[in-house]
Amino acid sequence: MKRVAAWTAALALIAVTTWLVWPSAPEVRGQDQTITVVDGPADDEKVELDTTYFAPPGGGKAPAVLLAHGFGGSKRSMRDQAVRLAQQGYAVMTWSARGFGRSGGQIALNSPDYEVKDVKQLIDWLARRPEVQLDASGDPRVGIAGGSYGGAIALMTAAYDRRVDAIVPQITWSDLADALFPNAAQPAAPATAARTSDPAEPSDPVGGVFKRMWAGIFFGQGVSLDPTSLLGRREAAPPLTPEQARCGRFLPAICAVYQQVAETGRATPEAVELLRKSSPITVAGQIKAPTLLIQGQRDSLFPLGHADANARAIAAGGTPVSLAWFDGGHDGGNGEADWLFDQSAAWFARYLKGDDSAPRVSAFTVTRDGGRDPGTRQRIRLHPEAGAYPGLAGTGTTDVRLSGPAQNIVNPPGGAPAAISTVPGIGGLLAGQNTGGVSLDMPGQSAAFESAPLTAPLQLTGSPTVRIRVSGEGEATLFVKLYDVADSIQPPALPAGLVAPVRVSIPEGAGSAEATVALPAVDHNFAVGHRLRLVVATTDMGFATPVQPAAYQVELASPALAVPTVGTLAAAPTGIAWWVWAMPLAAVVVAGVLLATGRTPSRSRRRTAAAVTPDAGPGDGAPAAESREAVAAANGRTAGQKGDADVPLGGQEGDADVPLEISGLTKAYRNGELAVDGLSFRVERGQVLGLLGPNGAGKTTTMRMMMGLIQPDAGEIRIFGEPVAPGAPVLSRLGSFVEGPGFLPHLSGRDNIALYWAATGRPAADAHFEEALEIAGLGKALDRAVRTYSQGMRQRLAIAQAMLGLPDLLVLDEPTNGLDPPQIREMREVLKRYARDGRTVIVSSHMLAEVEQTCSHVVVMRRGRLVSTGPVSQLLGSATRSNGHGPRLEDVFLDLIGDNA
Amino acid sequence: MTAATGYAPNRTLPLRVEIVRQFKRRRTIVAFGLLLALPWILVIAFQFGPQSNAQGQSALRISDLATASGLNFAAFALSVSASFLLVVAVALFCGDTVSSEANWSSLRYLLAAPVPRDRLLRQKLIVALGYSAAAVICLPLMALLAGTLAFGWDDIQVPGTGETIPAFDVLPRFGIVIAYALVSQLVVAAVAFLVSTMTDSPLGAVGGAVGLWIVCTILQAVEALGVLREFLPTFWNNAWLDALAPELDWSGMAKGASISITYAAILIAVAFRRFRRKDVVS
């Protein structure tokens with residue numbers, strides 16, 4: 001118990017120390033600050049911005065990072081990220097953009113005249129902070145990161161302010177006009193030409209299809225683009241004025257333009273001009289700050305094409321650009337918050353801190369499904385990388401042949417019911433982690449063209465293209481999508497839930513028109529046996545479609561679907577973790593050490609103890625002294641009696657002729673009380689020794705030590721000259737019956753005896769089964785299971801087991817317990833006969849009369865100490881002298897143990 | 001003459017003797033009977049239970065595929081039993097091997113025979129592991145037999161994706177599954193064995209091992225532990241599923257085997273070390 005407690009205490013101490021010493025992240029404090037900026041086209045509008053500044057925790061000068069929030073958020077949404085980043089040694093500033101949170105002003109959609117000017121003045125402010133590292137006077141070392149609306153301000157500011165040193169824009173737009181009025185149809189031209197045309201060239205938004213639902217959310221009052229906030233709680237807001245209700249916090253000019261386009265579903269040139277002014281694509285060529293573009297694969301608002309356009313435009317200016325397509329975006333997905341943070345931190349470490357040891361960010365990284373983790377069975381994500389960004393056309397193209405007849409489809413009046421691909425804002429909540437979400441096509445509204453089952457897996461990375469021909473009249477609004485069809489059982493999957501809206505104008509009188517459709521850029525693996533299905537539909541819930549009914553015929557202009565692939569994307573090799581082989585090896589070594597160091601050290605210890613003093617007790621002070629006296633007394637008496645004893649004088653220590661010699665034997669209970677205290681005596685051949693003592697005298701403990709079951713704390717037992725230790729071979733000459741029988745209850749008596757003998761490994765011929773079983777006298781019961789035996793039967797069987805092999809020394813503990821008088825008498829004879837052949841028997845008993853009749857010698861113990869030893873006759877003789885009664889052992893015994901009141 | 005004639009320490013407690021001593025026990029018979037009967041009970045349950053009418057609807061869980069073929073059925077039987085039944089069986093064989101002897105008081109007579117303590121533990125461990133292995137092996141084999149008789153011999157359908165792998169390609173994989181199940185149970189065996197040497201209550205030893213297993217399983221659900229959970233002995237318990245995936249993935253099983261062997265080696269060493277010096281008072 002003490003050892004366990006000590007170990008527990010030690011472990012607890014180590015744990016607490018580790019806990020205290022373990023380096024904790026430095027504490028970061030945010031300092032709220034209202035900064036007044038001046039902006040507007042004429043630089044005459046004062047706006048108060050609500051900011052929080054996180055000084056770098058380490059002291060000294062550090063680079064600064066501006067963290068911009070997304071649409072509908074505020075500086076508070078960036079707090080956690082800011083703290084994390086500041087802990088890595090940056091001065092971090094978050095702010096609520098104008099029109100959001102507690103900042104003043106109105107939303108101008110990241111306009112160069114408003115928001116960009118604001119951020120420039122925040123950079124001015126940072127340049128005045130003493131903790132911020134400066135590149136030049138008034139030019140701090142500064143980076144900007146942010147998602148969506150915040151990503152766009154990063155790009156816009158970097159384009160207008162050369163002081164920005166690195167940016168990490170996430171899930172943001174390149175062209176807001178194209179995002180809200182996309183048109184995936186490329187002008188009628190041969191497919192090959194279409195592939196080589198520059199996809200960064202924006203399509204004409206005036207002909208684009210209005211992304212109605214997203215635009216509504218974007219411009220809606222107080223609605224965040226964070227999908228969870230749509231379903232989550234909203235802060236209580238005061239009642240709205242009519243103007244607020246109409247335009248929210250938008251600039252009135254923007255509000256008016258939106259209301260106009262939302263009504264018609266058509267982009268006006270003024271609207272396009274306004275949106276383009278807030279679009280990085282127009283100024284991306286001026287960006288000189290190294291840019292890490294992180295775009296979501298699940299984003300129907302700003303799909304991967306926007307990052308592609310930005311990347312091309314920035315790279316054209318010679319600026320380093322990296323791209324990452326992660327599992328997330330405005331439609332949900334995993335989000336990979338930790339991975340994004342690590343990537344951003346690595347980017348800033350390289351380009352703001354100039355830390356070359358920072359993890360490298362590859363030019364192009366794609367998050368892919370890596371199956372399930374073997375332990376958690378959770379989905380895991382892989383991040384294959386490529387050294388160069390290949391663009392949406394990939395590094396190679398696989399042509400997949402589609403087939404299908406020309407099909408007639410209709411646009412229903414009013415555009416309802418509409419097909420469903422993604423439900424903006426909540427698509428991510430409905431969709432599972434790995435499915436394309438809910439996608440439904442309405443019958444009669446869609447034409448499908450399908451490939452044969454794939455014979456090899458196809459990894460699509462980029463934007464596939466296909467040429468279709470549309471027959472009909474006027475202007476056809478169509479939605480083209482590419483399904484992954486597994487079999488007839490599972491519903492077809494629409495990768496990322498993305499569709500390509502196209503508007504095809506059929507010239508008057510021509511009757512039909514061809515269009516090359518660039519399908520949405522995705523990264524998707526089509527497994528073997530799956531088919532690709534191209535669907536052309538007339539409706540989609542997320543878009544504004546014409547209300548007039550119309551009918552078209554759709555067919556493939558060319559059967560080939562060009563599927564881009566990127567062969568250079570390779571996952572970082574994941575070797576077996578080092579601990580997989582190191583741990584078992586270490587464990588085997590530890591096990592070896594545990595076994596080697598634990599190898600019976602007690603033997604040497606006991607030897608030393610015996611050599612130094614035969615009576616060394618574990619206790620100190622009084623008990624030790626007492627025990628010494630007791631031993632001395634006992635030895636004295638033994639020595640005194642030995643001379644006239646009828647037994648031959650024993651040899652020295654280690655004499656192989658002495659069946660049992662005990663010297664200085666001491667054993668303490670766990671509580672420190674001595675069970676056996678400096679016991680010494682010896683037994684000679686041919687003796688039947690009675691071990692006497694009241695309960696708790698230490699008889700059984702002594703016998704257990706003789707059997708090697710218990711290790712003495714001090715002193716030694718020698719059997720035929722050999723010291724007793726657990727498993728000492730000399731124990732094979734000892735037969736024992738201590739503290740009751742021990743049999744396998746499910747086996748018969750005979751099997752028990754036979755298996756016990758077999759367990760000793762000695763030849764069956766040496767066992768003398770018949771003699772032993774005769775002593776047991778069980779008769780037919782021998783073949784019954786032991787569990788059916790009475791106490792006496794078990795007792796006799798156990799004595800028989802002890803006599804198997806006719807051991808030279810027989811130790812029996814209370815052998816007559818449970819026996820009836822005839823059996824007791826028989827047992828007495830057996831024991832006497834047994835000792836007559838030169839063997840030795842040690843019997844412990846309470847039945848003094850029994851001992852008197854059976855034993856030749858006697859050892860009396862009391863409280864672990866030897867009280868008396870010698871031949872029975874001698875003991876009785878001395879007793880007669882002392883009290884004049886007839887020589888009864890009982891009186892002698894009671895006298896000896898001091899209980900004869 | 002230090003020892004009795006014919007006595008040699010390395011001949012004591014032969015494996016044959018220990019096997020016989022354990023085999024005739026009721027708990028051994030019952031445990032094997034249960035393990036061998038379970039597949040047939042499952043077969044009957046599948047035969048007479050209400051038929052699932054949603055033909056094909058997301059019918060790709062391992063339990064839905066159980067009736068597809070004998071191999072599928074065996075995989076199912078293993079998956080439902082590996083998490084608890086086999087744990088209990090292994091804990092039973094390894095947990096009461098020493099403690100039951102202490103409980104019957106026969107341990108002291110074996111030790112005084114004398115069977116050297118290390119040898120006693122070694123022989124008992126070998127036999128207990130042998131019985132455990134037999135238990136782990138006999139269940140899937142009987143399930144394979146029962147499943148084949150009931151549902152026919154067919155290629156295996158992989159849970160999750162529904163792909164099929166030819167039956168004869170998957171038989172070696174089945175060997176891997178069983179081998180891994182054996183290795184992953186080593187921890188239970190070692191814990192049970194260690195407790196067995198410390199107590200004279202067989203129930204305590206078995207319950208201790210099973211209890212530890214349950215605690216680990218609960219801890220495993222605490223996601224906040226992060227990567228630490230990988231080092232829980234139960235974490236990789238289901239990694240054998242990877243052996244039935246279309247593409248054999250060793251990584252999970254390698255980690256699981258590594259952790260299992262690590263724990264087992266140390267625990268068994270501790271058991272030997274403790275028992276060597278222990279005062280046998282039962």
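Reply: Happy to! Two strands count as paired if DSSP finds at least two bridges between them. Please keep in mind that this is a predicted model. With that rule in hand, chain A has an open sheet of four strands, ordered S29-S28-S31-S32, and the pairing is antiparallel. Its edge strands are S29 (674–683) and S32 (722–723) of chain A, each of which pairs on one side only. The partner of S29(A) is strand S28 of chain A, residues 660–668, and these two run antiparallel over six bridges. One bridge to pick out joins Ala668(A) to Leu674(A), the latter in S29(A).

Now for the contact between the chains. Chain A contributes 54 residues and chain B contributes 58 residues. On the side of chain A that touches chain B, the elements giving two or more residues are helix H15 (578–597), strand S33 (734–737) and helix H19 (749–760) of chain A. H15(A) supplies the largest share of that side, with ten residues. Sorted by class, the side of chain A that touches chain B holds 33 nonpolar, 16 polar and five charged residues.

As for chain B, an unreviewed UniProt entry lists several spans as "transmembrane region", among them residues 173–195 and 253–272. In the model, residues 173–195 of chain B are 96% helix and 0% strand, with the end C-alpha atoms 34 Å apart. Residues 253–272 of chain B are 100% helix and 0% strand, and there the end C-alpha atoms lie 28 Å apart.

Definitions and conventions. Residues numbered from 1 in each chain as written. Chains lettered and ligands numbered in written order. Predicted model: local features only at pLDDT ≥ 70, side-chain atom pairs only at ≥ 80, totals over all residues. Contact = placed C-beta atoms within 7 Å. Nonpolar A, V, L, I, M, F, W, Y, C, P; charged D, E, K, R; others polar. UniProt positions renumbered as here; feature names shortened; annotations may be inferred.
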